[in-house]
Amino acid sequence: MSSVSVDWRTQPYSAGAWSTWERYTSYYDRLLDADGRWWFAGDWLSRSTGWQHGALLSARRAVTGVHAQALAAAPG
C-alpha cells in the first residue's frame with residue numbers, strides 16, 4: 001500500500017484554491033455576520049485551510065446562528 005500527498009498551495013496555477021483573509025479581515029468578518037435571516041457558509045468562510053473541514057466549520061457556525069435566531073424569535 002502506498003500513498004501520496006501534494007502541497008497544492010505551492011503548485012503553479014492552483015493558488016486560487018485557498019482564501020487568505022489576513023489582508024481583508026473587515027470584509028471577512030462582515031461575511032461571517034448574518035444579514036437579517038441570511039447567512040453565508042462555505043469552505044472559504046472558515047479560517048481552516050482544509051476545504052472539507054472549513055466547509056463543516058462554516059456550516060456549523062451558520063446553523064448555530066440560525067438556531068439562536070429562532071430561539072430568540074420564539075414566543076414565550
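## Contacts and burial in a predicted chain

Me: Of the contacts in the protein chain with a separation of 6 or more, what share comes from residues 24 or more positions apart?

Reply: The model is predicted: local features need pLDDT of at least 70, side-chain atom pairs count only at pLDDT 80 or more, and totals for chains, interfaces and linings use all residues. Residues are numbered from 1 along each chain as its sequence is written, and side-chain values use heavy atoms, with hydrogens and water left out. Contact means heavy atoms within 4.5 Å. Of the contacts with a separation of 6 or more in the protein chain, residues 24 or more positions apart account for 23%.

Me: How far does α2 reach from its first C-alpha to its last?

Reply: Helix α2 has 23 residues. The expected span is 1.5 Å times one less than the number of residues. Close to the expected 33 Å, the reach of α2 is 33 Å.

Me: Is Ser58 buried or exposed?

Reply: Ser58 lies in helix α2. Leaving aside neighbours within four places in sequence, Ser58 is in contact with Phe40, Ala41, Gly42 and Leu45. Buried means under 20% relative accessible area, exposed over 50%, and partly exposed in between (1.4 Å probe, protein chains only). Because its relative accessibility is 1%, Ser58 counts as buried.

Me: Which residues does Ser46 touch, not counting those up to four places away in sequence?

Reply: Ser46 is placed in the loop between α1 and α2. With a relative accessibility of 7%, Ser46 counts as buried. Beyond the excluded sequence neighbours, it touches Tyr28, Gly54 and Leu57.

Me: Which side chain is joined to that of Trp39 by a polar contact of 3.2 Å?

Reply: Trp39 counts as partly exposed because its relative accessibility is 23%. A polar contact is a pair of N or O atoms within 3.5 Å; within protein, one must be able to donate a hydrogen and the other to accept it, and residues adjacent in sequence count only if both atoms are side-chain atoms. Joined to the Trp39 side chain at 3.2 Å is that of Gln69.

Key. Helix = DSSP H or I, 4+ residues; strand = E, 2+ residues; numbered from the N terminus.
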